[in-house]
Amino acid sequence: MAVARHLHFLVAGTLAMLCALPSPTIAATLTADLDRTAIGEGEQVVLTLTVEGVQSAPEPTFAGTRDFEISGAGSQSQYQVINGHVSASVEFRYLLVPKGKGTLTVPPASVTIDGETLTSKALHVTVADAPAAVGQAAQDRDAWIEQSVSPSVAFRGQQIVYTFRFITRAQFDDPQLELPPFTGFTVRELGEQQTGERVIDGRRHVVVTLTRALFPDRSGAIAIPAAKLKCNLVARSRRGRPFGGGIFDFGMSQAEPRLLRSEPLAVEVKELPAPPAGFTGLVGQFELTRKVSTARLHVGESATVAVTVQGTGNVDQISEPAMPEMTAFKVYADKPEMETAVRNGALWGARVYTKALVPLKEGARELAAMELVYFDPARQAYAFSRAPAVTLEVLPATGQESLNLTELQAAGQRKVAVKMLGEDILPIRKGLSALRPAIWSGRERLAALLGFALPPFAFAAALAVTRRRELLASDHRLRRHRLAAQVAREQLKGVRKKIAGGAANSDVLAEASRILRQFIGDRLGREGTALTSAEIAAVLRDAAVPPETGTAIVELVRRAEESRFAAGSAAADDAASIVAHVEQLTRKLERVTR
Amino acid sequence: MSGVLTRTAGLWIAVALASLGPGTAASAADLSGTLGGTSPAVAEEQWPELFHKANEAYEAGDYETAKSLYGQLIASGLENGDLWYNLGNTELRSGRHGQAIASYLRAASYMPRDGDVQANLARARESAKDALAPPQAPVVLRTVLFWYYGSSLTELVAVALIASFLFWCACVLRLRLDSEALRWAAAACAIVFAIAGGSAAARALFPRQVAVVVTPAAAVRSATSDKSVVLFELHEGAEAALEGREEGWVKIALPEEKRGWIDARQVEVGAAI
């Protein structure tokens, strides 16, 4: 454990020291180097551009005319610290394929480092008429590619098998294949890429094969340009290698970038002869078959008819054969089913058109013969495939009722996919709803706002009333205080009735005094009816009632006491004025005792 | 009870504010491009006659006249989903699929569940050249918040208004009647109000808008200047989320963090739900 910890420190320290080392201060340079300066036609050279003195550099650019087709082949950077001396460089490799012969110029390359533009020297390569790689003897080649077509002379629409082969006896890495564009052909894949082996001149080679089905779209000579394959090959070692090398050895500078080219091809395409009626473009070998699920059925029952067109050739051109008219049946077409496969190295396909037939009338109903027209390149003539006529014996309906033509399909009958027969937008709206604004008017918005605002206020009001009731119900003293004026007014109303009934002034005065004392008690929280004038004066003084109001109240109570205990003293008072006076005093007292 | 009232007060105010402007999907500035800026307003009494004339012009194939008349109606304050839908049809028939998409989007903001609008909008989008998905919320979100994406602002405000009214009625009744059913009714109304009101408030206060390119091609630049770098190019019918506006320019955003400024004259701004 301790060793591991020390190892961590050692590694971390080393990395820290490396990071702390100053960056190389040597002026950057750009050099160009070719792996060889004389080649044969069709061969290629590797150009190495090295930027010394930097750890990273942008991709160099080439100037001037180019005698070569240049493609990048990777880059790598190096950083070394030897005896305190730091060296760094970035290496860019390019594959140069000459476009002609003679002495060709590799244009100078330039790269900008820290604002300074570095430029390499122009180099020269001599391209001689030496045997090209494509034409080289197989024993001298590590790898090459081939392409071929079969047949090379074909009819328009005929299936041509294109084969590409990559043959190598060296190990390879990072293959980048560029097949020709196949202009003038419709292209379909023919199976997966296949890898095999072949012995050539006693040496074992790996063969990678790709195939395509080509269908000429026009007649005349159609060129197929060269195919290209760029890859890294392990350079052959004359001395051999004890362990045979391997893909992971490429980082040890054994990988050699290579651009391989094939020979271009040409296909001669002939126009088809004048077609007979019913020809829909099928070229190849095709067959038309028809199967009927049952030859005997009742009215209202269904029989399934499957028409199959299958064969080898331009299967994408398979279309539904012309069907005979079937007025004696209701016909329900199913979605066609398509199947393709590679058979005997060629594209094969089958399309099945299925229909459900429901006979409308009893009797022998014949399905007329069908015919498929196609062009057979092998015979160089149009051919015909026929499906013989079929007779269905239709028996009377088994049910009591005859077939209702508008009834729904029977359960279990195959559904038919809805086909779009046309495209259009849906029509405009003409209804009166289009004349009603969706945006609320000012009045509607105000109503909405009130609709939101009023209910909460109504609730608040109801809540306040409820709370007040609850408070009054629970607080006796408060209830007396709040209701004192109301009680006094009602009692004074009763006194007025007594006056109207002829009550004596002394009685009125006594009653008025009692009402006043009760009012004082209710408002000020005392049992007022038992208060004397002196006590009332004290209570009013404590409650900060204005002196004149207090004096008037005490005087009234005192007079009432006198009339109560001294007969005839209240005779001079007018009963109505006593009541009015009491009413006035209660109002004043109510105001000052809120 | 008072706690619930306090918590919903903010939402209630927001919804009340939203009710002031339901349906105002298109501003006057947005409409000027669609309507050509030359559509005089007409009195409300003339709306039916103008509408029928516009329909007749459309049926007769005179799409320019139909567009002008529909535009007059909208400029006069008669704005609804049907009218925007008709205008979209007129634009599409005239070959202006960019403006048609913008009109259908406005129609969809009023009638989000209308199948005809969606069908014609899809048809108009087929004409767009750029392979861009319309700026829409994810399917999961549209499914979970179905009421939000399936209702217009007016509908949301109306539902919130009814729920609010019923909620307060239940609250008032609860002052007198101590009923468990009333309590649950108030709670249900409060939930409905919160959902509908919150959705309405979100729609009104934070509207999503889409910029639709209406010119054959439109350069999207790095800044609000004709001299700025062209980042990428859009074509008629392309839809992008609207992120902002400056004088004469709108800022748009596309998936994969593509964004930039585009000349406001080259786009129509439509509402998006």
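**Close-ups of a predicted model**

**Figure 1. F182(A), tucked away in a loop.** F182(A) is buried here, with a relative accessible area of 6%; keep in mind that this is a predicted model. You'll find F182(A) in the loop that links β14 (172-178) to β15 (185-189) of chain A. Its phi is positive, about 55 degrees, even though F182(A) isn't a glycine. For context, most residues other than glycine have a negative phi.

**Figure 2. D201(A), another non-glycine residue with a positive phi.** Here phi comes out at about 50 degrees. D201(A) sits in the loop between β16 (194-200) and β17 (203-216) of chain A. With a relative accessible area of 54%, D201(A) counts as exposed, whereas F182(A) is buried.

Figure 3. P151(A) itself belongs to the loop between β11 (143-150) and β12 (153-155) of chain A. As a rule, most peptide bonds are trans.

**Figure 4. The largest nonpolar core, 39 residues in all.** F51(B), Y70(B), L73(B), L83(B) and Y104(B) have the most contacts inside this core. At least two core residues come from each of α3 (47-59), α4 (63-75), α5 (81-93), α6 (97-110), α7 (115-126) and β1 (208-213) of chain B. The largest share, eight residues, is down to α6(B).

**Figure 5. Y70(B) and what it touches.** Leaving out residues up to four places away in sequence, Y70(B) touches F51(B), A54(B), N55(B), Y58(B), L83(B), N86(B), L87(B) and T90(B), along with I428(A) from chain A.

Definitions and conventions: Residues numbered from 1 in each chain as written. Chains lettered and ligands numbered in written order. Predicted model: local features only at pLDDT ≥ 70, side-chain atom pairs only at ≥ 80, totals over all residues. Heavy atoms only, no water. Core = buried A, V, L, I, M, F, W, Y, C linked by side-chain atoms within 4.5 Å. Buried < 20%, exposed > 50% of the residue type's maximum accessible area, 1.4 Å probe, protein only. Helix = DSSP H or I, 4+ residues; strand = E, 2+ residues; numbered from the N terminus. Contact = heavy atoms within 4.5 Å.
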